[in-house]
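Me: I have a model open on my screen and would like to understand the words used to describe it. Could you take me through them?

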Amino acid sequence: MSLIHRFVVSPKLESAGGPDDSRLQPEALRSYAALKRTAFKFVVSGPSDVASITAICAQCHITRDKVWLMPLADSAHDLVERIPALADLALEHGYNLSSRAQLLSWGNSRGR
């Protein structure tokens, strides 16, 4: 039995800032995509990010069932406000949707 239950990989999108070569490592993403126990979490700031996610998935052989979309939010209010539109995009593109339980539980505090 493996000691690792799941790898959760969180590639950073262009909207997060920084140059492509430091945000994305396609070879590493392809290696993780080949593993059964990998999930890819993308923090989405808006609808245009979904096109970037689709391109990354195609380039790195990431199947849609391994992709989880999470709304960019700094508060529980922002999260609740943004999740319905993101849910529609997730359904449209065949991705999974996740809220941000830590934000709902503790707000924007770090280190919990």
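Reply: Gladly! Two strands count as paired if DSSP finds at least two bridges between them. Keep in mind that this is a predicted model. Here 4 strands form an open sheet, in the order β1-β2-β3-β4, with parallel pairing.

Me: What makes β2 and β3 a pair?

Reply: The pair needs at least two bridges, and 5 bridges join β2 to β3 (residues 67–71), so the two strands pair. They run parallel. As an example, Val43 has Met70 in β3 as its bridge partner.

Me: Why are β1 and β4 called edge strands?

Reply: β1 (7–9) and β4 (96–97) each pair on one side only, so they are the edge strands.

Me: Which helices lie against the sheet?

Reply: Helix α3 (residues 48–60) packs on it, touching β2 and β3. The direction of α3 makes about 155° with that of β2. Helix α4 (residues 76–93) lies across β2, β3 and β4, at about 150° to β3.

Me: Why is the pair of Phe7 and Tyr32 called edge-to-face?

Reply: Ring centres must lie within 6.5 Å, and planes over 60 degrees apart count as edge-to-face. A search of the whole structure finds 1 aromatic pair. This pair links distant parts of the chain: Phe7 is in strand β1 and Tyr32 in helix α2 (residues 26–33), 25 residues apart.

Me: What lines the largest pocket?

Reply: The largest pocket holds about 470 Å³ of space. Its lining has 23 residues, and the closest to the centre are Val43, Leu72, Arg100, Gln102 and Arg110. β2 (38–44) and α5 (101–106) are the elements giving two or more residues to this lining. The lining residues divide into 9 nonpolar, 8 polar and 6 charged.

Technical notes: Residues are numbered from 1 along each chain as its sequence is written. This is a predicted model: local features need pLDDT of at least 70, side-chain atom pairs count only at pLDDT 80 or more; totals for chains, interfaces and linings use all residues. Side-chain values use heavy atoms; hydrogens and water are left out. On a 1 Å grid over the protein atoms alone, a cavity is a set of points where a 1.4 Å probe fits but cannot get out, and a pocket is an open set with protein on both sides within 12 Å along at least five of seven lines; lining residues have an atom within 4 Å of a point. Grid points are joined across faces, edges and corners, and a volume is the space filled by probe spheres set on the points. Ala, Val, Leu, Ile, Met, Phe, Trp, Tyr, Cys and Pro count as nonpolar, Asp, Glu, Lys and Arg as charged, and the others, Gly among them, as polar. Contact means heavy atoms within 4.5 Å. Axes are lines fitted to C-alpha atoms, for helices over the stretch in contact, and angles run from 0 to 180 degrees between N-to-C directions. Rings of Phe, Tyr and Trp (its six-membered ring) pair if their centres lie within 6.5 Å; planes under 30 degrees apart count as stacked, over 60 as edge-to-face and the rest as tilted.
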